[in-house]
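Here's a quick tour for anyone meeting this structure for the first time. Take a look at it, then read on.

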Amino acid sequence: MQIHFIKCSGIYLEQLVQISRRTFIDAFEKDNNPDDFSSYVKQAFTKDKIGADLDNANVTFYFVYADDRLAGYFKLNENDSQTEIKKKETIELERIYVLKEFQGKKLGTAMLQEAKRIGLKRGKTFLWLGVWEENVGAIRFYQKHGFKKFGTHPYYVGKDKQTDWLMRLDLCNLEEIKI
């Protein structure tokens with residue numbers, strides 16, 4: 001399978017909104033209160049919200065393609081656009097999602113490797129993320145790739161206050177990634 005990445009720009013807005021909604025719904029709808037979940041999706045995945053992110057120089061989205069088919073995406077935040085740390089030397093992996101039909105094909109690993117490569121290229125010392133404490137599979141995935149828990153923060157889905165683990169990966173000692 002051939003895998004490649006495309007940095008998103010405004011011309012991809014409609015596709016980005018659609019894949020963002022679809023992957024988030026597929027991943028979390030079953031585990032949340034329907035009213036809270038619906039409210040969250042309606043506000044978090046609008047053209048205005050995602051369009052504003054695309055216009056922000058400190059936010060970048062990347063599509064991942066598998067054999068020329070859109071298979072997933074990830075989002076990186078830098079500087080003041082990070083949701084928590086907001087330091088110049090850090091980069092946040094805010095979202096990383098793979099469409100259901102492409103799961104189990106190592107695309108999450110490929111996207112994570114690409115995020116690491118981008119972080120190193122931009123001179124970042126560590127990559128960090130927030131992951132829902134009940135998303136055991138994702139936590140295991142990140143731990144397998146060297147991420148360590150360093151804290152928690154609240155995350156709201158509608159009115160439902162949930163807890164995200166904050167996890168980080170030091171980029172300084174990574175030699176296996178080619179810039």
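Take the contacts in the chain between residues at least 6 apart in sequence: 64% of them join residues at least 24 apart. Keep in mind that this is a predicted model.

## Overall build

The chain has 5 helices and 7 strands. Reading from the N terminus, the elements go β-α-α-α-β-β-β-α-β-α-β-β.

## Inside and outside

Of the 179 residues in the chain, 46% are buried. The chain exposes about 9600 Å², with carbon and sulfur atoms supplying 47% of that.

## A look at Phe 74

Phe 74 is part of strand 3, which covers residues 69–78. Is Phe 74 buried or exposed? Its relative accessibility is 0%, so Phe 74 counts as buried.

Beyond its neighbours within four places in sequence, Phe 74 touches a set of residues including Phe 5, Tyr 62, Leu 93, Met 111 and Ile 118. Leu 112 is 38 residues away from Phe 74 along the chain, yet their C-alpha atoms are separated by 8.7 Å.

## Cysteines

How many disulfides does the structure hold? The count is 0. Cys 8 is buried, at 8% relative accessible area, while Cys 172 is exposed, at 56%.

Definitions and conventions. Residues numbered from 1 in each chain as written. Predicted model: local features only at pLDDT ≥ 70, side-chain atom pairs only at ≥ 80, totals over all residues. Heavy atoms only, no water. Helix = DSSP H or I, 4+ residues; strand = E, 2+ residues; numbered from the N terminus. Buried < 20%, exposed > 50% of the residue type's maximum accessible area, 1.4 Å probe, protein only. Contact = heavy atoms within 4.5 Å. Disulfide = S-S within 2.5 Å. Areas by Shrake-Rupley, 256 points an atom, 1.4 Å probe, with all protein chains shown as cover.
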